Amino acid sequence: MRIARVVGSAVSTIKEDSLRGAKLLVVRDASVDDQITGEPYVAVDAVGAGEGELVLVSAGSAGRFTATTRDTPVDAVIMAILDSMEVSGEVTFRKG
Amino acid sequence: MRIARVVGSAVSTIKEDSLRGAKLLVVRDASVDDQITGEPYVAVDAVGAGEGELVLVSAGSAGRFTATTRDTPVDAVIMAILDSMEVSGEVTFRKG
Amino acid sequence: MRIARVVGSAVSTIKEDSLRGAKLLVVRDASVDDQITGEPYVAVDAVGAGEGELVLVSAGSAGRFTATTRDTPVDAVIMAILDSMEVSGEVTFRKG
Amino acid sequence: MRIARVVGSAVSTIKEDSLRGAKLLVVRDASVDDQITGEPYVAVDAVGAGEGELVLVSAGSAGRFTATTRDTPVDAVIMAILDSMEVSGEVTFRKG
Amino acid sequence: MRIARVVGSAVSTIKEDSLRGAKLLVVRDASVDDQITGEPYVAVDAVGAGEGELVLVSAGSAGRFTATTRDTPVDAVIMAILDSMEVSGEVTFRKG
């Protein structure tokens, strides 16, 4: 899964019916110490993520395997909010 | 999902049967403030998008999960037309 | 879908059984005005494409959603032959 | 499959229900002689891998085809721990 | 499908059960004239390929659509051994 930070949101009135009510968030890939490394893209939120949070994004068909995205044309879903990460024995990120 | 702008269209007479009637649009990936960032590719339109509009494109198997692309060999579908986007509290795009 | 030009063909005697009879074409990604932009790869032909033609290639699981590739280990299929493309109101490609 | 080294771990309290109990490891793509070549991402562990081990990561829908990740929104899974690799007749990696 | 050359092999004792007996080969993407162009990765062999052979690798979910990889967490499979390739009317590769 990609490590990403939620940086914003998107609004769409005209969209595939199965996406009614889906929360569209703008995210950017990030490093293990919460530095942004990638360009913005849009993911559907499945876990109540908010702006500024570091999350995990599943891409591809995995995007349809959450309770809120089942059978939708979604190719990127936020499926976890990160509390902390540790690399080589050092804490690189801690939420809060 | 990729943020993309519709820039044109493609015509194909000889194509897989399941694509009869599919609208083939030429799109290019774009930034949150509607600047083009990527090279052209072709996506099937599932929401009535028109040239110049900023849209969301789902790639991969998600391309088959719209009413118009079910069970077709489509790997990129326009599944939402963007009204607006907001990043870090600022509106970066508003359709108009 | 990727815009690609058919540039050659490949022959394989020893291959997965489900590929018997499959036509293996060498393709390269191309621009909307038929200039080659990418390196060669191999796609299965589902529409009778020939060398020199500009085509659409579907990648990933979409490669299995044509009549000729159903349930095969194919990850790239030619599913349309392009007649023309138009970008920003100008015809960039016309077959002929 | 990608050759990758386990370099750390991630903790997430708020996540998709189907991920309860999943072990989230931070991995980086690596070469056949165990040199790191890529940026960190997160994979679910299906084989009891530990930090420092060289593993194989399956990406995409393959991520759901282990006993521990079936039907989950996982797009990267550690499905093998490497004992050794040999390239051009030379052992490039041996565990231990 | 990717054009790739088999350059070595990998051994793994601890792996997902469904991979018991799977032959893990190290491959590198190659050009139509058998020059290596990419970094090593691991693919499961479904056709009896050997070191030095030029093969086709199917990536993603296609990796599960061979007799030997059905329902396994495999995202790259060797599904054809190339005999020859021809580009622009010239033979660029012939096995021998």
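Predicted model: local features only at pLDDT ≥ 70, side-chain atom pairs only at ≥ 80, totals over all residues.

Modeller: Let's start with a term. Two strands pair if DSSP finds at least two bridges between them.

Biologist: Okay. How many helices and strands does chain A have?

Modeller: Chain A has zero helices and seven strands. From the N terminus on, the order reads β-β-β-β-β-β-β.

Biologist: Why call chain A compact?

Modeller: Its radius of gyration is 14 Å, close to the 12 Å that the globule rule gives for 96 residues, so chain A is as compact as a globular protein of that length. The C-alpha atoms of chain A fill a box of roughly 45 × 20 × 20 Å along the principal axes.

Biologist: What share of chain A is buried?

Modeller: Of its 96 residues, 56% count as buried. Contacts reach along the sequence too. Take those in chain A between residues at least 6 apart: 50% of them join residues at least 24 apart.

Biologist: Why do you say chains A and B meet through different surfaces?

Modeller: Only 12% of the interface residues of chain A are also interface residues in chain B, so the copies meet through different surfaces.

Biologist: How many residues go into the contact of chain A with chain B?

Modeller: Chain A gives 25 residues and chain B gives 28 residues. On the chain A side, strand 1 and strand 3 (41–45) are the elements that give two or more residues. Strand 1 of chain A has the largest share, five residues. By class, that side of chain A has twelve nonpolar, eight polar and five charged residues.

Biologist: Which strands pair across that contact?

Modeller: Strand 1 (residues 2–11) of chain A and strand 6 (residues 84–87) of chain B. They run antiparallel and are joined by four bridges. One bridge partner pair is A:Ser9 with B:Glu86 in strand 6 of chain B.

Biologist: What else does strand 6 of chain B pair with?

Modeller: Strand 7 (residues 90–94) of chain B. Again there are four bridges, and the strands run antiparallel. B:Ser84 stands opposite B:Arg94 in strand 7 of chain B.

Biologist: Back to that hairpin. How many residues lie between its strands?

Modeller: Two residues lie between strand 6 and strand 7 of chain B. In this hairpin, B:Ser88 takes a positive phi near 50 degrees.

Biologist: Now the contact of chain D with chain A. How many residues does each give?

Modeller: Chain D gives 25 residues and chain A gives 28 residues. On the chain D side, strand 1 (2–11) and strand 3 (36–45) give two or more residues. The largest share, five residues, comes from strand 1 of chain D. That side of chain D divides into twelve nonpolar, eight polar and five charged residues.

Biologist: Which strand of chain A joins strand 1 of chain D?

Modeller: Strand 6 (residues 84–87) of chain A, through four bridges, with the strands antiparallel. There, A:Ser84 stands opposite D:Val11 in strand 1 of chain D.

Biologist: Which chains don't touch?

Modeller: Chain B and chain D are one such pair, with their nearest C-alpha atoms 10 Å apart. Chain A and chain E are another, and their closest C-alpha atoms also lie 10 Å apart.

Biologist: Last topic, a single residue. Is D:Val55 buried or exposed?

Modeller: D:Val55 is buried, with 28 other C-beta atoms within 10 Å. The cut-off for buried is 20 or more. D:Val55 lies in strand 4 (residues 54–59) of chain D.

Biologist: What does D:Val55 touch?

Modeller: Leaving out residues up to four places away in sequence, its contacts include D:Ala4, D:Val6, D:Ala49 and D:Ile78. Others among them are D:Ala80, D:Ile81 and D:Leu82.

Biologist: How far is D:Val55 from D:Arg2 in sequence and in space?

Modeller: They are 53 residues apart in sequence and 8.2 Å apart in space, C-alpha to C-alpha.

Notes: Residues numbered from 1 in each chain as written. Chains lettered and ligands numbered in written order. Contact = placed C-beta atoms within 7 Å. Nonpolar A, V, L, I, M, F, W, Y, C, P; charged D, E, K, R; others polar. Rg over C-alpha atoms; globule rule 2.2 N^0.38 Å. Buried ≥ 20, exposed ≤ 12 C-beta atoms within 10 Å, placed from the backbone.
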